[in-house]
Amino acid sequence: MLPFVRLCGKRVCLQAQAKWFSMESTSRLAWTHIHPYQAVKVDLCDSTCLQRWTNEGAGVEFKNCLESQIAEWKTQGNSSVWLHIPIQLSHLISQAATLGFTFHHARKNYSVLNYWLDDSRPCKIPLYGTHQVGVAGVVYREETNEVLMMQDKYYYKIVKWKFPGGYSDFAEDIAETATREVLEETGIQAEFQSVIAFRQHHQIPRSFDQSDLYFLCRMKPLTYDITPCPDEVHRCQWMKLDTLTQADDVTPLVHIVVKLLRLGQLKGFQFVDNKSHEVCSIYPGLKYKLFCRPENLQ
């Protein structure tokens, strides 16, 4: 998820064309001017910065450089500063914090701090990554009226039966997550058909203080022999819809999904499915997936 700034009533992304400004002297920090929102980016992840600031004794010099340039950036009318610090230079974080920088987000090898420069209005920078994305594969065998169900190795005493699934990887499509998770956990190869439902959940334990979006995908099985993952799965089997309807060892979510499958079975899945449509993005060269009903948008 990319950081956004709200300017002139519009929510805009901080990824834009940038122009590098040359360093006027060795005592200054190189920075990028991010158009059109007057934001400043200071990236310490390149090899030159790593060499310059690796010595922990350089922290005071770094703080002095940053403090001096903050005053300049304010005078120039910039809105905010984005400071990228690699894990090798983590000792500089405390120096930036003394100037008012706070954490915005982190990746595997670097953290991003931000500082709001415009004293005339409240900070408009939203939180980063407020939600995580989970995907479940509802693998439905129409000819036998069965669904692929599993028991989690670590949670089966709490939730007896569930759909196979897990978290999306970075930049992974929902359909790709569903296909991958079903195969990894059960050994079943399945083909994505649609999104039949999704839910939003807050305050889930062990969710890194993030809310949760959970997509339920109808899948068509391509294979049928189950090979459970020994690291994640306690039990796995095909279960009849009638069995799941009467079961008291499943979640309310499973009961709702079973009702949706029955509706699709009786009236047709065009009344249930939210099909995937590829749409051109407003950003040149990019496309995205839109899930909606009906299937035919022509």
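A pocket here is an open set of grid points with protein on both sides within 12 Å along at least five of seven lines, and a lining residue has an atom within 4 Å of a point. The model on screen is predicted. Keep that in mind at each stop.

**Stop 1: the second largest pocket.** Select Asp152, Tyr155, Lys162, Tyr167 and Arg199. These five lie nearest the centre of the second largest pocket, among its 27 lining residues. The space inside comes to about 1,000 Å³. Now colour the elements that give two or more residues to the lining: E9, strand E11 (165–167), helix H4 (174–186), E12, E13 and helix H6 (252–267).

**Stop 2: the whole fold.** Zoom out and switch to cartoon. Count 6 helices and 16 strands. The protein has 298 residues, and 43% of them count as buried. Contacts between residues 24 or more positions apart make up 60% of those with a separation of 6 or more.

**Stop 3: the largest nonpolar core.** Select Val42, Leu44, Trp53, Leu66, Trp73, Leu83 and Phe101. They have the most contacts inside the largest nonpolar core, a set of 25 residues. Six elements each supply at least two of its residues: strand E5 (39–43), helix H1 (47–53), helix H2 (59–75), strand E6 (80–86), helix H3 (93–98) and strand E8 (110–116). H2 gives the most, with 5 residues.

Centre on Leu44 next. Which residues is Leu44 in contact with, leaving aside its neighbours within four places in sequence? Show Cys49, Leu50, Trp53, Phe62, Leu83, His84, Ile85, Pro86, Leu89 and Leu92.

**Stop 4: an aromatic pair.** The structure has 7 aromatic pairs, and Trp53 with Phe62 is one of them.

**Stop 5: Val60 on H2.** Move along helix H2 to Val60. Val60 counts as exposed because its relative accessibility is 52%, and the cut-off for exposed is over 50%. Draw a C-alpha to C-alpha line from Val60 to Leu92. The two are 32 residues apart in sequence and 8.8 Å apart in space.

**Stop 6: charges over rings.** Select Arg141 and Trp238. The charged end of Arg141 sits over the Trp238 ring, 5.0 Å from its centre. Then select Arg218 and Phe269. Here Arg218 lies over the face of Phe269, at 3.9 Å from the ring centre.

**Stop 7: two positive phi angles.** Go to the loop between strand E9 (131–141) and strand E10 (146–152), where Asn145 lies. Its phi is near 60°, a positive value in a residue other than glycine. Asn145 has a relative accessible area of 17%, so it counts as buried; the cut-off is under 20%.

Now jump to Arg206, in the loop between strand E12 (190–201) and strand E13 (211–221). Arg206 is not a glycine either, yet has a positive phi of about 60°. Is Arg206 buried or exposed? Arg206 is exposed, because its relative accessible area is 63%.

**Last view.** Return to the pocket and display Arg199 with Asp152, two of the residues nearest its centre. E12 and E13 both contribute to this lining, and the loop between them holds Arg206.

How values were computed. Residues are numbered from 1 along each chain as its sequence is written. This is a predicted model: local features need pLDDT of at least 70, side-chain atom pairs count only at pLDDT 80 or more; totals for chains, interfaces and linings use all residues. Side-chain values use heavy atoms; hydrogens and water are left out. A nonpolar core is a set of buried Ala, Val, Leu, Ile, Met, Phe, Trp, Tyr and Cys residues joined through side-chain atoms within 4.5 Å. Buried means under 20% relative accessible area, exposed over 50%, partly exposed in between (1.4 Å probe, protein chains only). Helices (H or I, at least four residues) and strands (E, at least two) are DSSP runs, numbered from the N terminus. Contact means heavy atoms within 4.5 Å. Rings of Phe, Tyr and Trp (its six-membered ring) pair if their centres lie within 6.5 Å; planes under 30 degrees apart count as stacked, over 60 as edge-to-face and the rest as tilted. A charge sits over a ring if NZ of Lys or CZ of Arg is within 6 Å of the ring centre and within 35 degrees of the ring normal. On a 1 Å grid over the protein atoms alone, a cavity is a set of points where a 1.4 Å probe fits but cannot get out, and a pocket is an open set with protein on both sides within 12 Å along at least five of seven lines; lining residues have an atom within 4 Å of a point. Grid points are joined across faces, edges and corners, and a volume is the space filled by probe spheres set on the points.
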